[in-house]
Amino acid sequence: MEKKIEVVSMELITPLFPTPNHLRCFEFSFLDQMAIPTVFAPLVLFYPPPSSNGDESYSNLEQARVILNSSRLLVLKKSLSEILARFYPFAGRIKNNSIECNDDGMPFYEAFARNYQFEDVLQNPDVAKHFFPIVEGSSILHNPLHVQVTMFECGGMAIGMCASHKIADGATLCTFANAWAIAARGSSPDCMVPEFIAAAKFLPPPIPYVSNGPNYKWMFEFAKCFLNDERVTKLFAFDASTIASLKAKVVCNSVQVPTRVEVVSAVLWKCAMAASGLDRRSSKLIHNVNIRRRFVPPLPDHCIGNAVAVAVATACNHDDTELSTLVTRIRKSLSELSSKYEDKQSRDQAILSLLYEYIELPEAHIRGEIALQISSLCGYKFYDIDFGWGKPSWFSVIQTATRNLVVLMDSRDSGGIDAWICLKDKDIMSVFEHELKALLAFN
């Protein structure tokens, strides 16, 4: 039977209270301005069927409509309207270098997953990507956020979100989702109050004569190389005991207390170099880093907007591929990144230079110098997002995986890490898996 996501309806959810006149314009920071207009920060959370009606089955559209108008959906809409009064730019429209906070409303889609089994979707990025909102036409450029709630025949639910990168990075989307869940449970979301002032205060303002960021011609070449049909994405799980053993193995004078992200990143880097032949020449590992806490003083965790920079670690030759050496290189790159944000002058200089780094990175990818580019969402507590009917069984942040991309996420088991890895093709992935198994066998 054909599997299909059927969109039942769409409505615009508006803020419960109108946005005050003095807040009607949300201006982008320089980092917001540099974000590509058609790129989104995605998140989809999968919730199992409520235990109270787990034996019921909804196998046709009419029955699906009953679910979509059930108390759970009404709770989601009501609480979303409540928090949009706080997250008011998400209900506005993007206009050049700002958002017109006009309360026009956020698109909210209701959908039904026909012939999908809830269990088959879990930990499968090729299937999970179908549960994100489909953003098309002018909506891509003008709406800051889209939400889609999809019901399964069994009563399970997927809550998908796509936030424009012009206003949101992963931390922003996590803040929004948590605040929404708190409101849905009937609690006060005061502990998740978004901060809109900090980014404008600490980050450089947009450049008036640059309408839409840098020249993105290089993106076509990048897409041609890194969105090839042969690329393969797989999940590799590192449990807490494996990570603890790896930490003990890499301890050295320069890194006496390695973090789990540093250790797992080093392992993946080593295997990727071997799989692609980069262990015989210079290789780079890129970390996309949330810089909110690296500022002096730090930005609030709930600061809205883009606050991401890149840390570049380099291994120069075969002697640099020992795990302890790679961890040291990663720690050094992160420390050097932090030092750039200790005062306003160096901070502004570092942020303005990000434009050139963002242009250089795809070119370095194409030249074959970068083994992996890693985004870590560890510590973001996506598994704690409870709208009132329990915590999610799984979540995904992969809408379109590009070659040499790694996304690190907390596992459901405390202390573990799930690593999503996209490589060039099945042959490269096969060698990568062989290297990883061999390395962990001797761990």
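Tutor: Begin with the angle between two axes: under 35 degrees counts as roughly parallel, over 145 as roughly antiparallel, 65 to 115 as roughly perpendicular, and the rest as oblique. This is a predicted model, where local features need pLDDT of at least 70 and side-chain atom pairs count only at pLDDT 80 or more, while totals for chains, interfaces and linings use all residues. Residues are numbered from 1 along each chain as its sequence is written, and side-chain values use heavy atoms, with hydrogens and water left out.

Student: How many helices and strands does the protein have?

Tutor: Helices (H or I, at least four residues) and strands (E, at least two) are DSSP runs, numbered from the N terminus. By that rule the protein has 14 helices and 15 strands.

Student: Which term describes α3 and α7 relative to each other?

Tutor: Axes are lines fitted to C-alpha atoms, for helices over the stretch in contact, and angles run from 0 to 180 degrees between N-to-C directions. Helix α3 (residues 71-84) and helix α7 (residues 170-184) pack at about 120°, with axes 8 Å apart. The two helices are therefore oblique.

Student: How many nonpolar residues are in the contact of α3 with α7?

Tutor: Contact means heavy atoms within 4.5 Å. Val75, Leu76, Ser79, Leu80, Glu82, Ile83 and Leu84 of α3 meet Phe176, Ala179, Trp180, Ala183 and Ala184 of α7. Ala, Val, Leu, Ile, Met, Phe, Trp, Tyr, Cys and Pro count as nonpolar, Asp, Glu, Lys and Arg as charged, and the others, Gly among them, as polar. By class, the contact of α3 with α7 has 1 charged and 1 polar residue, and the number of nonpolar residues is 10.

Student: Which term describes α10 and α11 relative to each other?

Tutor: Helix α10 (residues 240-250) and helix α11 (residues 260-276) pack at about 85°, with axes 10 Å apart. Their contact is made by Ile243, Leu246, Lys247 and Val250 of α10 and Arg260, Val263, Val264 and Val267 of α11. At that angle the helices are therefore roughly perpendicular.

Student: How many disulfides does the structure hold?

Tutor: A disulfide is a pair of cysteine sulfur atoms within 2.5 Å. The number in the structure is 0.

Student: How far away is the nearest cysteine sulfur to that of Cys25?

Tutor: Cys25 is in no disulfide. The nearest cysteine sulfur belongs to Cys101, at a distance of 7.0 Å.

Student: Is Cys422 buried or exposed?

Tutor: Buried means under 20% relative accessible area, exposed over 50%, and partly exposed in between (1.4 Å probe, protein chains only). Cys25, at 48%, is partly exposed. Cys422 has a relative accessible area of 1%, so Cys422 is buried.

Student: What is the omega of the peptide bond from Val296 to Pro297?

Tutor: Most peptide bonds are trans. Pro297 lies in the loop between β10 and β11. The bond from Val296 to Pro297 is cis, with omega near -5°.

Student: Which residues is Pro298 in contact with, leaving aside its neighbours within four places in sequence?

Tutor: Pro298 lies in the loop between β10 (283-290) and β11 (308-315). Pro298 and Tyr341 are 43 residues apart in sequence and 9.3 Å apart in space, C-alpha to C-alpha. With the sequence neighbours within four places left aside, the contacts of Pro298 are Arg292 and Arg293.

Student: What is the phi of Asp103?

Tutor: Most residues other than glycine have a negative phi. Asp103 sits in the loop between β5 (98-100) and β6 (106-114), and is buried, with a relative accessible area of 15%. The phi of Asp103 is positive, near 60°.
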